[in-house]
Amino acid sequence: MLSVVMEEFGGPEVLRARQVADPVPGPGQVLVDVAYASVTFVETQVRSGNGPFGRPPLPRVPGNGVGGRVAAVGPGVDPSLAGTVVVTTTGGAGGYAERALARADEVVPVPPGLGIEDAVALLADGRTALLLFRQAEVRPGEKVLVEAAAGGVGSLLVQLAVQAGARVTGAARGAHKAELVTSLGASYVDYSEERWLRRVRDAAGGALDVVFDGVGGAIGTEAAGALGPGGRLSLYGMASGADAELDEDDLAARQIRTLGLFAAPGPAETHAYIGEALRLAADGVLRPVVGQVFPLASAAEAHAAIEARATVGKTLLAVGDPDSGR
């Protein structure tokens with residue numbers, strides 16, 4: 001089968017497509033014929049070897065999220081799973097390939113009416129957005145800032161906050177992302193421009209109630225300062241490459257609650273959030289934004305586009321026949 005193998009750390013060029021042997025499902029596992037594989041910013045950091053996640057053993061097939069049809073099941077797995085269209089994580093690696101192994105108890109069936117492309121786009125981003133949104137307890141009329149608002153998680157957070165009746169400002173980098181953010185019902189601010197935060201306050205009409213910080217660094221630090229007393233700061237990413245610098249005493253004095261992905265949810269909760277995100281999309285409540293799709297052999301180009309901030313929404317690799325995932 002064709003897969004993307006990484007034998008060294010470095011730039012996108014270390015991702016090389018090659019033929020490898022098909023994996024065989026072991027006890028408790030399933031083998032998925034992959035239609036689409038998810039590509040994430042975290043995976044670009046792991047590939048570089050310079051991110052906050054350490055250096056995993058090499059060689060390695062990247063990719064932690066796939067969708068497709070179950071081709072075979074291992075010992076101890078319900079045989080009726082074979083032929084089911086699912087999305088699933090892969091245990092951290094193995095997703096950039098025509099076939100991928102996954103734990104049988106981690107696969108989530110794709111509901112009728114939802115395309116496999118959209119389902120894969122929601123696998124990680126949907127569960128993350130729902131978790132963050134529920135934590136923040138956004139209420140009607142509140143003033144909400146979503147950073148990285150044109151990204152996979154950010155675009156979903158914008159939709160959820162707008163549906164909750166909040167006054168939402170979406171911040172991103174570049175005028176080309178404005179159309180997407182405003183189409184989701186939010187005001188748009190470009191945080192690469194000077195005095196961007198003043199424009200956020202003007203759009204919101206005062207101090208903020210909730211900030212979803214997916215950027216960190218100077219952007220996240222400034223945004224935290226725009227929260228009013230009793231606000232909530234949700235930390236979900238560091239696209240800038242650094243965490244926001246937060247003054248804990250100042251946050252405490254303003255009674256700001258800090259939320260975010262500090263502890264990973266358990267398997268049952270994760271499974272439930274994924275299932276809920278898929279159902280909301282099937283019902284038309286959530287619209288995943290798939291901004292760009294690359295062929296499997298062009299995984300290096302996908303990584304380069306993400307690192308160049310040239311992407312919007314979710315980035316996917318097209319691996320097999322999309323019709324096989326329906």
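1. A word on terms before we start: two strands count as paired if DSSP finds at least two bridges between them, and helices (H or I, at least four residues) and strands (E, at least two) are DSSP runs, numbered from the N terminus. Strand E9 (residues 167-172) and E10 run parallel and are joined by four bridges. Within that pair, Ala171 sits opposite Val189 in E10.

2. Some housekeeping: this is a predicted model, where local features need pLDDT of at least 70, side-chain atom pairs count only at pLDDT 80 or more, and totals for chains, interfaces and linings use all residues. Residues are numbered from 1 along each chain as its sequence is written, and side-chain values use heavy atoms, leaving out hydrogens and water.

3. Now the whole sheet. It is open, with six strands in the order E10-E9-E8-E11-E12-E13 and parallel pairing. Strand E10 (187-190) and strand E13 (257-260) are the edges; each has a single partner strand, so one side of each lacks a neighbour in the sheet. From one strand to the next, the twist averages 20 degrees.

4. What packs on this sheet? Helix H5 does, touching strand E8 (143-147), E9, E10 and strand E11 (208-213); contact here means heavy atoms within 4.5 Å. The direction of H5 makes about 160 degrees with that of E9. For such figures, axes are lines fitted to C-alpha atoms, for helices over the stretch in contact, and angles run from 0 to 180 degrees between N-to-C directions.

5. Have a look at H2 and H3 next. Helix H2 (residues 116-136) packs with helix H3 (residues 152-163) at about 45 degrees, their axes 9 Å apart. H2 and H3 are therefore oblique to each other (under 35 degrees is roughly parallel, over 145 roughly antiparallel, 65 to 115 roughly perpendicular, and the rest oblique). Residues meeting there include Leu122 and Phe133 in H2, and Val153 and Leu160 in H3. The contact of H2 with H3 divides into 10 nonpolar, three polar and one charged; Ala, Val, Leu, Ile, Met, Phe, Trp, Tyr, Cys and Pro count as nonpolar, Asp, Glu, Lys and Arg as charged, and the others, Gly among them, as polar.

6. Gly83 is partly exposed, at 35% relative accessible area (buried is under 20%, exposed over 50%, partly exposed in between, with a 1.4 Å probe and protein chains only). Gly83 and Val70 are 13 residues apart in sequence, yet 5.1 Å apart in space, C-alpha to C-alpha.
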